[in-house]
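This report walks through one protein chain, element by element. Please keep the sequence and the 3D view open while reading.

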Amino acid sequence: MIVMMAFMPEIAFSQTARVVVPAGSFHSVLPEVEGKPVDVDSFYMDETAVTNEEYLEFLKDNPEWKRSKILPVFTNNGYLREWKSDLDPGYENVGVNRPLTRVSWYAANAYCAAQGGRLPTLNEWEYSAQLMEFDSAAEMNTFSSGLINWYSGIDVKNLAEVGSTGIENTEGIKDQFGLVMEWVEDFKPITADELSLDCGTVGRMNTLGSVYSYAASIRYITRMSFNPKITTGMVGFRCAYDVPAPSSQNNISGEIL
């Protein structure tokens, strides 16, 4: 009985918290930005990546996105291929509280829309990812070197639980690094047609002159190599939400929903 209950999705399911990210700016590695900071408005973002349990609940209410029902225009043949069936992720194999992967950009969009949100923009995701604190440049470079190694060999067969990496930004958003890569709304900006995943291109994108920006360059260009129907085991997603207009009844500063 204990084993059966451990893999019951009704018990494992919980809606992730939404964390407010305050407005600010960050430096992008995209060449057209030319080192100028990019302004980002305040927004909410999921504390952790969407899990298999959460996506299962979405499928129950939106059967058109089940593996047997989804239209080919929205995905390739790899969609949810590791699930046992339409409504059975096979927790004994994929694990409990693991990030959902092998879903297309279209499916990720549909999920977020059903939650009243959307995929984060590229700038929102990258801005949140840069809200990290390091005690020294050496510490930042050590962290970034680890990221470069991780990007080169994400272990899709042994994904850890969401929230388990120990990596979080200053606002409490977890696992933007070290778990899976994530879909963003505009994952393939205009410059994608002019760039390729090679050392020369990554080097040219490295405008900030640090290992940290070099790691970001790899992330940007890897995303640009995707198409919206791709379903890979190294890519999951989380949702973003627009911050409501401030009022006397609504104080969003530091708020977690």
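## Aromatic cluster

One aromatic cluster is formed by W65, F74, W105, Y106, W183, F187 and F226. Rings of Phe, Tyr and Trp (its six-membered ring) pair if their centres lie within 6.5 Å; planes under 30 degrees apart count as stacked, over 60 as edge-to-face and the rest as tilted. The structure holds 16 aromatic pairs. One of them joins W105 and Y106: the ring centres are 5.4 Å apart and the planes stand at 75°, so this pair is edge-to-face. Y106 is partly exposed, at 27% relative accessible area. Buried means under 20% relative accessible area, exposed over 50%, and partly exposed in between (1.4 Å probe, protein chains only).

## Basis of the model

This is a predicted model: local features need pLDDT of at least 70, side-chain atom pairs count only at pLDDT 80 or more, and totals for chains, interfaces and linings use all residues. Residues are numbered from 1 along each chain as its sequence is written, and side-chain values use heavy atoms, with hydrogens and water left out.

## Overall make-up

The chain has nine helices and seven strands. Helices (H or I, at least four residues) and strands (E, at least two) are DSSP runs, numbered from the N terminus. Of its 257 residues, 47% count as buried. Contact means heavy atoms within 4.5 Å. Among contacts with a separation of 6 or more, 78% are between residues 24 or more positions apart.

Three strands make an open sheet in the order 1-4-7, with antiparallel pairing. Two strands pair if DSSP finds at least two bridges between them. Strand 1 (18-21) and strand 7 (240-242) are the edges, each pairing on one side only. Neighbouring strands are turned by 30° against each other on average, direction ignored. Axes are lines fitted to C-alpha atoms, for helices over the stretch in contact, and angles run from 0 to 180 degrees between N-to-C directions.

Strand 1 and strand 4 (residues 43-46) run antiparallel and are joined by four bridges. Here V19 stands opposite M45. Helix 6 (residues 122-129) packs on the sheet and touches strand 1, strand 4 and strand 7. Its direction makes about 75° with that of strand 4.

## Charges over rings

A charge sits over a ring if NZ of Lys or CZ of Arg is within 6 Å of the ring centre and within 35 degrees of the ring normal. R18 lies over the face of Y241, at 3.9 Å from the ring centre. R223 lies over the face of W125, at 5.0 Å from the ring centre.

## Helix 9

Helix 9 (residues 211-224) is mostly covered, with 12 of its 14 residues buried. Among the buried residues are Y212, R219, Y220 and R223. The expected span of a helix is 1.5 Å times one less than its number of residues. For helix 9 this gives 20 Å, and the end C-alpha atoms are 20 Å apart, which agrees.

## Loop residues

T101 sits in the loop between helix 4 (91-94) and helix 5 (105-114). T101 is buried, at 9% relative accessible area. Beyond its neighbours within four places in sequence, T101 contacts L80, L159, V180, T232, G233, V235 and G236. The C-alpha atoms of T101 and V50 are separated by 8.9 Å, at 51 residues apart along the chain.

N97 lies in the loop between helix 4 and helix 5. Phi of N97 is positive, near 60°, in a residue other than glycine. N97 counts as partly exposed, at 23% relative accessibility. D175 also is not a glycine, and has a positive phi of about 65°. D175 is found in the loop between helix 7 (137-151) and strand 5 (181-182), and counts as buried at 1% relative accessibility.
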